[in-house]
Amino acid sequence: MDSIFYLPLLSGTLAALVLAWCGLLLRLRSESLAALSYAQAGGLGMVAAPLLGWATLPSALLGAAAAALVKPWLARSADGLIVLLLATWGLSLLLVANLPSGEHIGRMLIDGQLYFTRLEHAIGLAIGLLVASVLLPGLSRRIQRELLFPAQPMSRMHSLLIEFILAGCLALAAASIGVMAAFALAFIPARIAFRFASRWSHAVMLALALGLLAHLVAFFLALHFDQPYGPVLTLILLVAALASAPLAKNTKA
Amino acid sequence: MPNNPEPLLRLRRHAQPLPAFAFELHSGEKLGLCGANGSGKTTLLEHIAGLRRSANIELVMRPELKISYQSQHPPRPLGWPLSVRDYLQLAGLAPSVLPESLRGLLDARCDALSGGQFQQLALSVTLGHAAELILLDEPGHHLDPSAAQWFSTALHHSRAAILVISHDHAWLQAHCARVIELPAA
C-alpha cells in the first residue's frame, strides 16, 4: 500500500472506534436517529465554513455544537429528531447549491472520500477517541442508572456533556468519512452488539471490533476496486446487519 | 410500634380533587396502603420518592432520609445487553442481595428473565439498599408462590420503614402493622 494511504487508514480507524462508542450510547437512549442528525449538522457546519470565513473542521464542530444545544429541546417531542435532521439536510443542500465551494464540500460529505482526509481530521478524531474513551464509560453508567432507576436522574450538566461529545464526534467523523457512512458506523455495530452481547462490557467490545473490521474491509475493497469509501463501508455494514439478523437468540433464562 | 416518637414522615393530602386524609410513618414501621383505582396511591408514593410534586400534598420528612423506591412497573432493559450482574453493579449492590433462585442467573441478560424473575431482581435491589424508608408500589406482580414466600420473609426481616401499596387487602393485613384505605373520589 502506498504511504499516501496511511493517513486515511488511520483516520478511518479512529472514526470507526469513536463511532462505535457513540452508537452504543445513542442506542441505549433509543436515539439512533440523532447520529444522523449530528452527522448532518456537522456537514451543514462544513458547508457553511466559507460564509463564516472559517476552516471546515471548526465550522463542522460549531454546527454540531448548535445541534447539541437544541436537540434536548427538540427531543421532547416524538418527531423532534426528524425536524433536526430535515432542517440540517435542507439547509446544507441549499448552501451547496449557492456557495462557490459548496459543491466540492457537498460531494465529500456524500461520497465519504476518506482518501482526501487531512492530518487535522486524524488529530480531531484522535482527540475525540481519547475523550470518548475517558468519559463515555462513566457517562454510559449514568445513562443506564437513569433509565433503570428513575429516582437517580442524571444532572443537566452530564446530560449536556453527553450531547456535546456525541455531536462533536459525529461531526468529526462525518467530515472524514461522509455523513451516511458515519451514521452507519454509529448505528449498525451498536445494533448488532445489542442483540448478541450478553453483558454491557461485551457489547462495547463487540461494537468496537465490528466497527473496526467493517472499516478495514471497506478500506481495502474500495482501494482495490477504486470506489468511494463511504458507500462501500455502508453496504458492508448493511450486509453484516442482514446476515446477523437470523442468528439472534431469543431464549428465556 | 417504634420507640422513637418522632415520625420519619408526616403526610397530609388536602381535599380536591381527591378526598383529604393524613398519616404518619415511624421508623421501622410497615404501613400498607390500599384503595380503589384512581384514589391516588401511586401519586402519593411518587411524591414521597421525589419523582412528582403534587400541590395538594403536604409532606414533612426527616432530613437526609434515605429512600429506596420501586415503581409499579420497574423499568426493564428490553433489547439491551445488560446482565443480572451488570444490573446489580449499576445499583451498587453485591450478588449476595439476591435470593438463591437468581444467583445462578448472574450472567443471564435481564431481558431473558421471566417477568417474575425480573420482579424478584428489582425487589432484591430495592430491599438491598441500606434505606431508612422503602416505598413499594404493588410489589407482588408476577411472583410465583416460592418468590412470594421469599418476598414475605425479606419484608419481615427488613428493619426499614416500609410503605407498600397493594390491592390485596389480606396480604397487607398479614404483612403490615397498619393498613390505610385511601378514600376514593
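Me: Contact means heavy atoms within 4.5 Å; with that in mind, what covers the buried residues of α2(B)?

Reply: In this predicted model, the cover of the buried residues of α2(B) includes α6 (119-148) and α9 (200-225) of chain A, together with α4 (115-128) of chain B.

Me: What makes helix α2 (residues 84-91) of chain B largely enclosed by the rest of the structure?

Reply: A residue counts as buried under 20% relative accessible area, and six of the eight residues of α2(B) are buried, so this helix is largely enclosed by the rest of the structure. The buried residues are Val84(B), Asp86(B), Tyr87(B), Leu88(B), Leu90(B) and Ala91(B). After the helix comes Gly92(B), with a positive phi near 75 degrees.

Me: Which residues is Tyr87(B) in contact with, leaving aside its neighbours within four places in sequence?

Reply: From chain A, Tyr87(B) is in contact with Leu148(A) and Phe149(A), and from chain B with Leu82(B), Cys110(B), Phe118(B), Leu121(B), Ala122(B) and Val125(B), once neighbours within four places in sequence are left aside. Tyr87(B) is also among the residues with the most contacts inside the largest nonpolar core, which has 108 residues, and others on that list include Leu19(A), Leu170(A), Ile177(A) and Leu121(B). Helix α1 (residues 6-28) of chain A gives the largest share of this core, 14 residues. Apart from it lies another core, of 22 residues, among them Leu8(B), Ile48(B), Ala49(B) and Leu182(B).

Me: Why does Arg29(A) count as buried?

Reply: Buried means under 20% relative accessible area, and Arg29(A) has 18% relative accessibility, so Arg29(A) counts as buried. Its place is in the loop between α1 and α2 of chain A, and, not counting residues up to four places away in sequence, Arg29(A) touches Lys71(A), Ile143(A), Ser159(A), Ile162(A), Glu163(A) and Leu166(A).

Me: Why does Ser176(A) count as buried?

Reply: The cut-off is again under 20%, and Ser176(A), at 3% relative accessibility, therefore counts as buried. Ser176(A) lies in helix α7 (residues 156-177) of chain A, where, not counting residues up to four places away in sequence, Ser176(A) touches Ser11(A), Gln113(A), Leu114(A), Thr117(A), His121(A) and Leu125(A). Although Ser176(A) and His121(A) are 55 residues apart along the chain, their C-alpha atoms are separated by 6.4 Å.

Me: Why are α7(A) and α8(A) called oblique to each other?

Reply: These two helices pack at an angle of about 125 degrees, with their axes 7 Å apart. Angles over 145 degrees count as roughly antiparallel and those from 65 to 115 as roughly perpendicular, and α7(A) and α8(A) are therefore oblique to each other. Their crossing is right-handed, and in it Leu170(A), Ala173(A), Ala174(A) and Ile177(A) of α7(A) meet Val179(A), Ala181(A), Ala182(A) and Leu185(A) of α8(A). The residues of this contact divide into eight nonpolar, no polar and no charged.

Me: What makes α2(A) roughly antiparallel to α8(A)?

Reply: Helix α2 (residues 32-52) of chain A and helix α8 (residues 179-196) of chain A pack at an angle of about 155 degrees, with their axes 9 Å apart. Angles over 145 degrees count as roughly antiparallel, so α2(A) is roughly antiparallel to α8(A). The crossing in which α2(A) passes α8(A) is right-handed. Here residues including Ser32(A), Leu36(A) and Gln40(A) in α2(A) meet residues including Met180(A), Phe183(A) and Phe187(A) in α8(A), and by class the contact has nine nonpolar, two polar and no charged residues.

Conventions
Residues numbered from 1 in each chain as written. Chains lettered and ligands numbered in written order. Predicted model: local features only at pLDDT ≥ 70, side-chain atom pairs only at ≥ 80, totals over all residues. Heavy atoms only, no water. Axes fitted to C-alpha atoms, helices over the stretch in contact; angles between N-to-C directions. Helix = DSSP H or I, 4+ residues; strand = E, 2+ residues; numbered from the N terminus. Parallel < 35°, antiparallel > 145°, perpendicular 65-115°, else oblique. Left-handed = near helix turned anticlockwise from the far one by under 90°. Contact = heavy atoms within 4.5 Å. Nonpolar A, V, L, I, M, F, W, Y, C, P; charged D, E, K, R; others polar. Buried < 20%, exposed > 50% of the residue type's maximum accessible area, 1.4 Å probe, protein only. Core = buried A, V, L, I, M, F, W, Y, C linked by side-chain atoms within 4.5 Å.
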